[in-house]
Protein chains: 2
Amino acid sequence: MQYSSGMAGLRERKKQRTRQALIEAAFRLFDEKGFEETTLAEIAAQAEVSTRTFFSYFASKDDLIFHDTDQRLEMAVGVIAGRAPGETLVGVLHRLVDTSVENTLNQTLGKKEAAVRTRLILTEPSLQARGLHLLFDTQLRLARALHESFAGELTMAESAAAIGALIGAVKLAVVADLRPDRTFDEILDTARRAVEIAVSGLGSLS
Amino acid sequence: MQYSSGMAGLRERKKQRTRQALIEAAFRLFDEKGFEETTLAEIAAQAEVSTRTFFSYFASKDDLIFHDTDQRLEMAVGVIAGRAPGETLVGVLHRLVDTSVENTLNQTLGKKEAAVRTRLILTEPSLQARGLHLLFDTQLRLARALHESFAGELTMAESAAAIGALIGAVKLAVVADLRPDRTFDEILDTARRAVEIAVSGLGSLS
DNA sequence: TGCAAAATTTCAATGGATGCAACACTTCAA
DNA sequence: TTGAAGTGTTGCATCCATTGAAATTTTGCA
């Protein structure tokens, strides 16, 4: 309390360093040996804390991978909540997509770590499951935000259908179209096409 | 190989009985004590096999819950593959939805077990994650099937976007609109509305 | 009946996760 | 500056899912 927000106490700084050490050790080991093959004991050893301490920083091994997902959700909810008066649904959703893409570009994580993470999430079944679960919760939150921003215009079910269709289309299209040599721009094109399909409807594909 | 009840050998019949015993014991215990709270040892004991034997019937504890998902996927792929010549995309997808609904009604599981399962999947985070993962794989398979049935008409990415939008819309709408007192028919209405939205496009909501 | 294959059991080990109590370090105020 | 209060760490014991291997039992069949 006594310290201003910029300068944290020693305790706080130490915690941050430990946290960072755990993340870095983990990503390094995951990259070298794979996710399943790396044990918590090894990660903790590299970060120079006890195995037990690991669990006061992360609830689980998976949590290491998804440690920064919250803020992205906040951002997305903010975009929806910031609907301009009279702005159309499609307008809001397009802003949502654009902002998300931007946000992906300026990540907190380094490029290398981001790549490792993406590979792991696409590769390890347990992480895939966890990622989908997180994405699902995100969608629920977005649907609720949408329902609020369009109070009286969209029912909860309709808001949810809209979010589900949009994100469902993008997610499946991107993953289904993935190949080892895909560039980021190609992926972006696929995503945009998926948005287009969701917006104009499946009927437009015939 | 199949359990055509009359002439299977003793070995086969016994295996089927054990499998069934495991499923029944598990659902009973899950219902009484919850999923996490029930140990494999207890399930195995109730079914009168050793804990180790459990794993020659199911790959994991989760698998008990999702043991019959494969056949539903086969069915769905079959529906898509059975596209009538010239049949439109929306036509195929509607058949897919209808058949899935029917299929849900005549389940292998008893009503009580089905209810327990649904509750658990919606409730237990680990099962939720597993369910979403399974559903995701299903969607990928369906997208591929669609791509084949519409060879030359739809790219892989477009097929995936279509499936993703359709199932994404239904999934989120149903879950978001869920309440303890929802009847099956109400859920069905929500699902149909979501299909409508996905088919006619998000633009139609404005 | 007796042998081979299949299924089951027993036993041991790994690794993630949690509760707990002792201990060490920080913070803060007197 | 110092000591009480709070917070973070640690070792330890334990639970549980999962897997491997070897030993044992059951079933199918010659």
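Analyst: Start with one rule. A residue is buried if 20 or more other C-beta atoms lie within 10 Å of its own, and exposed if 12 or fewer do. Keep in mind that this is a predicted model.

User: Which residues in α1(A) are buried?

Analyst: There are six names to find: Leu22(A), Ile23(A), Ala25(A), Ala26(A), Phe27(A) and Phe30(A). Here is the general idea. An α-helix has 3.6 residues a turn, so residues three or four places apart point the same way. Read the buried positions of α1(A) with that in mind.

User: What covers the buried residues of α1(A)?

Analyst: The cover includes α2, α3, α4 (61-65) and α7 (111-123) of chain A.

User: How many residues has α1(A), and what does it reach from its first C-alpha to its last?

Analyst: α1(A) has 24 residues. End to end, C-alpha to C-alpha, α1(A) reaches 34 Å, close to the 34 Å expected at 1.5 Å a residue. Gly34(A) follows α1(A), with a positive phi near 95°.

User: How many helices and strands has chain A?

Analyst: Ten helices and zero strands. Along the sequence the pattern is α-α-α-α-α-α-α-α-α-α. The C-alpha trace of chain A spans about 55 × 50 × 25 Å along its principal axes. Of its 206 residues, 35% count as buried.

User: What of a residue outside the helices? Is Asn106(B) buried or exposed?

Analyst: Count its neighbours. Asn106(B) has 6 C-beta neighbours inside 10 Å, so Asn106(B) counts as exposed. Asn106(B) sits in the loop between α6 (89-105) and α7 (111-123) of chain B. Its C-alpha is 30 Å from that of Glu42(B), a residue 64 places away along the chain.

User: Next, the two chains. How many residues does the contact take from chain A and from chain B?

Analyst: The contact takes 45 residues from chain A and 45 residues from chain B. On the side of chain A that touches chain B, α6 (89-105), α8 (125-149), α9 (156-176) and α10 (184-200) each supply at least two residues. α9(A) gives the most, with 17 residues. By class, this side has 28 nonpolar, twelve polar and five charged residues.

User: Which residues are closest to DNA strand C?

Analyst: Gly9(A), Arg11(A), Ser60(A), Arg52(B) and Thr53(B) are the closest of the 21 residues that surround DNA strand C. Both chains take part. From chain A come α1 (10-33), α2 (40-47) and α3 (51-57), and from chain B come α1 (10-33) and α3 (51-54), each with at least two residues. The largest share, three residues, is from α1(B). The classes here are seven nonpolar, eight polar and six charged residues.

User: Where does pLDDT stay under 50 in chain A?

Analyst: Over residues 1-7, for which the model has two contacts beyond four places in sequence. Where pLDDT is low, the predicted coordinates should not be read in detail. Chain A averages a pLDDT of 92, and 95% of the residues score at least 70.

How values were computed. Residues numbered from 1 in each chain as written. Chains lettered and ligands numbered in written order. Predicted model: local features only at pLDDT ≥ 70, side-chain atom pairs only at ≥ 80, totals over all residues. Near = placed C-beta within 6 Å. Helix = DSSP H or I, 4+ residues; strand = E, 2+ residues; numbered from the N terminus. Nonpolar A, V, L, I, M, F, W, Y, C, P; charged D, E, K, R; others polar. Contact = placed C-beta atoms within 7 Å. pLDDT = per-residue confidence, 0-100. Expected span 1.5 Å × (residues − 1).
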